[in-house]
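This report describes a two-chain model.

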Amino acid sequence: MNEKLTKHLAPGHSTCAGCGIPAIVRTVLGATDDPVIVVSVTGCLEVTSTLYPYSAWKVPYIHSAFENGGATAAGIDGAIKALRKRNKIPAGKKIQVVVFAGDGGTYDIGLQSLSGALERQHDFLYVCYDNEAYMNTGGQRSGATPRGADTETTPAGKKSFGKLEKRKDLMSIVIAHHLKYAAQTNVAYLADLKMKAKKAFALDGPRFLLVLQPCTNLWKYPTSEYVRIGKMATETNFWPLWEYFDGKYKINWATENPKPIEDFLKTQGRFKHLFRPSGEKVIAEMQKEVNEEWKRLVNLVQI
Amino acid sequence: MDWENIEEGAIIEHDLKKSPRTGDWRYMKPQVDKKTCLGCGNCFDVCPEAAIDYDSERKADIDYDVCKGCGVCATVCPKKAITMMKNT
């Protein structure tokens, strides 16, 4: 066991073999030396790290319900401010409130609570690990599921090619709350994640990180592949790495020759129906969407 | 009743002894070839269990008590110094 990496989250948690979530948690929390309070809403991380009677957390941790990660963080922030007023916490000491939530608890169920906390400008960092469906309950579609994915509630078959709708643009929703820092990153690029977490921890007010987290179990690929598939998502421009800071957009990783989207799709079982006859049309549409999204992002950077 | 007397919810203290034995999940076992290993540490951060650390000679050393045998370390190794063997 690596002592340096397990300062906040110990092993012995029951995430699936080959899951990237613990790497996200360790990298984000490893980017600060301040004391942290972790809020985790219902989701993969919560059910696997707090398996009664064991808790893998070595830092103060609170489990809140699915829909109120933002509200719980707001409450903790309020308590810290009240204690500061009574001189119970030294003035110079910064305490970091970090929320970890999945895409279900962020894009869908927790959105109003997150929106409220962002709007009230509470001092907290919200990290969403996005595995693109409700993986903890067996892979039902969420607002984050991309078009064409086969999930439990959007099964692919003769009449359907999986999820019909486009994924929600959460980053734009978050940035619309006039916050200082928001970034999209990927667990396969841990150096990028660490850099962004460091930047976020140095600021006050609400901050947001959206981290892609390939799911071995329900994206349907071998357990050893999360880094490779995560990299492929960025190399095909399906999941660009970018950040928003103080009104300015910046792309952190780009290539002149992005790989075709097929390279990403064919690594995963959830897209395998697209490689049967009549699937090319959906793939072509997805490629078009990816190109448009990328163009939109490049335009935002240039403004 | 004031806030100091509010009943506390369930509180669990961290105690590694109570953890599930995740090493028992493993059916493939990563093995480090210490001669090829550079000691670059690429596998440390990506390991979901944080099971890998330096040994006394600064080579990767895997803690088999917690390793679930996913094989991510073998995929990211730039020297292919980690091979997955059948767990025996």
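## Interface between the chains

In this predicted model, 27 residues of chain B are in contact with 32 residues of chain A; two residues are in contact if their C-beta atoms, placed from the backbone, lie within 7 Å. Helix H1 (42-46), strand E2 (52-54) and helix H2 (72-76) of chain B are the elements that give two or more residues to the side touching chain A. H2(B) supplies the largest share of that side, four residues. Helices (H or I, at least four residues) and strands (E, at least two) are DSSP runs, numbered from the N terminus.

By class, the side of chain B that touches chain A divides into 15 nonpolar, six polar and six charged residues. Ala, Val, Leu, Ile, Met, Phe, Trp, Tyr, Cys and Pro count as nonpolar, Asp, Glu, Lys and Arg as charged, and the others, Gly among them, as polar.

## Conventions

Residues are numbered from 1 along each chain as its sequence is written, while chains are lettered from A and ligands numbered from 1 in the order in which they are written. Because the model is predicted, local features need pLDDT of at least 70 and side-chain atom pairs count only at pLDDT 80 or more, whereas totals for chains, interfaces and linings use all residues.

## Overall dimensions

Chain A contains ten helices and eight strands. Its radius of gyration is 19 Å, close to the 19 Å that the globule rule gives for 303 residues, so chain A is as compact as a globular protein of that length. The radius is taken over C-alpha atoms, and the rule is 2.2 Å times the number of residues to the power 0.38. The C-alpha trace of chain A spans about 70 × 50 × 35 Å along its principal axes.

Chain B has two helices and four strands, in the sequence pattern β-α-β-β-α-β. Along the principal axes, the C-alpha trace of chain B spans about 65 × 25 × 20 Å.

## The sheet of chain A

Eight strands of chain A form an open sheet with mixed pairing, in the order E2-E1-E3-E4-E6-E5-E7-E8. Two strands pair if DSSP finds at least two bridges between them. Strand E2 (61-64) and strand E8 (248-251) of chain A are the edge strands, each pairing on one side only. From one strand to the next, the twist averages 15°.

Within this sheet, strand E1 (residues 36-41) and strand E3 (residues 96-102) of chain A run parallel and are joined by five bridges. A:Val38 is placed opposite A:Val98 in E3(A).

## Helix packing in chain A

Helix H1 (residues 21-29) and helix H7 (residues 190-201) of chain A pack at about 40°, with axes 8 Å apart. Axes are lines fitted to C-alpha atoms, for helices over the stretch in contact, and angles run from 0 to 180 degrees between N-to-C directions. H1(A) and H7(A) are therefore oblique to each other; angles under 35 degrees count as roughly parallel, over 145 as roughly antiparallel, 65 to 115 as roughly perpendicular and the rest as oblique. On the H1(A) side, A:Ala23, A:Ile24, A:Thr27 and A:Val28 meet A:Leu190, A:Leu193, A:Lys194 and A:Ala197 of H7(A). This contact of H1(A) with H7(A) has six nonpolar, one polar and one charged residues.

Helix H3 (residues 69-85) and helix H5 (residues 111-119) of chain A pack at about 35°, with their axes 6 Å apart. A:Gly69, A:Gly70, A:Ala71, A:Ala73 and A:Ala74 of H3(A) make the contact with A:Ser113, A:Leu114, A:Gly116 and A:Ala117 of H5(A). The residues of the contact of H3(A) with H5(A) are five nonpolar, four polar and no charged.
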